[in-house]
Amino acid sequence: MKHRATFRQEERGESLPLALLALATGIILIGPLLAHLSTSLKTTAATQTTLQRQYSSDAGVEFALWKLVHDAAWRQTLLDQPGTVASLTLPSAPNGDTPTVEVVCVETETQAGGGGGEPECLEWALWAQSSTATNGLVIGGSGHTVNGGVHSNRDLKINGSGHTIYGTAEYVRNLTILGSGNRIVPGPAVQTTVQPFPITWDINEFNDPNQPGSWAAQAQAEGKYYVHNGTWNVTGSGTVIPEGLHYCTGKVNFSGSGLRGYNVTVVSLSTIDVSGSGLDFTPYVPGLSFFSTRAASTNVVSISGSGNTGGTVFAPNGKISLTGSGGVITGAFLGNEIDINGSGATINLAEVELPGSGGSSIVCGVYDIRSTSGSTVTTVRMRGCGDGDWQVLSWQVGSS
Amino acid sequence: MKKRLLLGTGQNGFTLVETMISTAITALLLGALVVMLYQFNNLTRLQQDSLTLSQQLQTAGVLLNRDVVGASEGTFDGTTLTLNIPSYPFGQTGSAQVTTVTYSLVGGNLVRTTSGAGGSSSVTVARHISSWQIEPLQGTQISTTVRITLTSALARRGSRSMTLTITRRLSQ
């Protein structure tokens, strides 16, 4: 016992160096850790604030745009008092921040004809033009959903099971519904007379860039007219088709996933074959994405993938075939015949404006919108006529 | 017994074996501590680098987004993006004032230069940018919707990429 007591007495005073050692170690570790945390927090906060201000400012502009386009009475008050600044209050605070939004009419002008009223949009997702081909429009396979109208100038045949059409269904001669679980909502299918295409295009608009006023000439002037002689193959993942009008004398074969074509219209004298998923197109020629002039009772346009065609797929002399499974394809498919196969595909009607729709004379205005959130200021100049045809003349994001 | 007793009662220090064992344990502990500190220091540096890369990319992204949405036209020659941005004084008639904004990759720095009626100025918006790519292009003209990929790199951290998809807002 005595020995143990002596040994403990010899350890007296050692706790201080140990405590100092622990403290020193803690300081070494804590310093960088706190510095890192501090930097990280400051960076995140600064970026978040900047982005929130930008989003908030953007939301203010979007709200003003929406109000300009859809609130005719309010727009009229601006038109009646050019130069008078009107303030807008957003119905809610985006990101907890309320931007200051001001709108003023800068100029007015009266435009005669066209552009007034709500533009009329295509209501047919599937259209079979042939009045002679038996079963010109066939929805086969299983479990397809069509969001949009369906029209056949002769027979409409719904085969297989579990198909649903949300929209008007029209046929001229025979309606055949086989299998189980097929629905037309609101239904029922309506027998009608032979109708012309609700929207149409002429190949002469696209094949001669020297034809004044044609789409080909316009694209040529913009440096966006492309001629593909013979077969045109595009493969690979995520390939981007150059913006503009593509005129092909032979077959068009697009394959690979994620194919993109922003402001692209493809016109072919032969067949068009598109496969792969994630297709994403918007049309260069308003409303028209793919156009095949080939005359055949077999497929002239085949789409076996999914994605967004962005506009109309037009084959006035041949058959359009959709064979995707389980995907979503957006577009309007107008052909001499239509054949839907595969299973579980959803066909959504794309927004395609019908030309010439709208009212008569209209007062147009040039408007400035200024949305301020913190130090972020977004200034936009718009020119608009009625409810449609609005142009963005400038969009500037800056700091006050 | 007598010898042992003498050794036991007369012991005032540690034996050589005890000293060696304690020294070895101390060396191991100190070694582990040094390694831990070294690793922690490395980790902190890597995190700082990672943060720096992210911050640089975010800053560049915010500014590029601001400028591209408002551009009426733009060109990209592989190293320099040139944007023409029209603007109008709020509530006033008159023609557009066009500001030209360029982004250039100079020695790993993304430099933004503005030039217009009010003169010109340059500022470095991001460092450590090793490369960048813009698509789709028609010749050198940028499309209405563009994808901008910025790649940032530091020696210790490797590279990091960010892709922005921006749609120009002006009617074409």
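Modeller: A:Pro186 sits in the loop that links strand 11 (183–185) to strand 12 (190–191) of chain A. Strands here are DSSP runs of E with at least two residues, helices are runs of H or I with at least four, and both are numbered from the N terminus. This is a predicted model: local features need pLDDT of at least 70, side-chain atom pairs count only at pLDDT 80 or more, and totals for chains, interfaces and linings use all residues. Residues are numbered from 1 along each chain as its sequence is written, while chains are lettered from A and ligands numbered from 1 in the order in which they are written.

A:Pro186 counts as exposed because it has 9 C-beta neighbours inside 10 Å.

Now the chain contacts. In chain A, 34 residues are in contact with 31 residues of chain B; contact means C-beta atoms, placed from the backbone, within 7 Å. Helix 2 of chain A gives the largest share of chain A's side, eleven residues.

Next, the core. The largest nonpolar core has 61 residues. Such a core is a set of buried Ala, Val, Leu, Ile, Met, Phe, Trp, Tyr and Cys residues joined through C-beta atoms within 7 Å. Strand 24 (residues 328–340) of chain A gives the most to this core, six residues. Beyond four places in sequence, A:Phe333 is in contact with residues including A:Ala125 and A:Leu126.

Methods: A residue is buried if 20 or more other C-beta atoms lie within 10 Å of its own, exposed if 12 or fewer, and partly exposed in between; C-beta atoms are placed from the backbone. Two residues are in contact if their C-beta atoms, placed from the backbone, lie within 7 Å.
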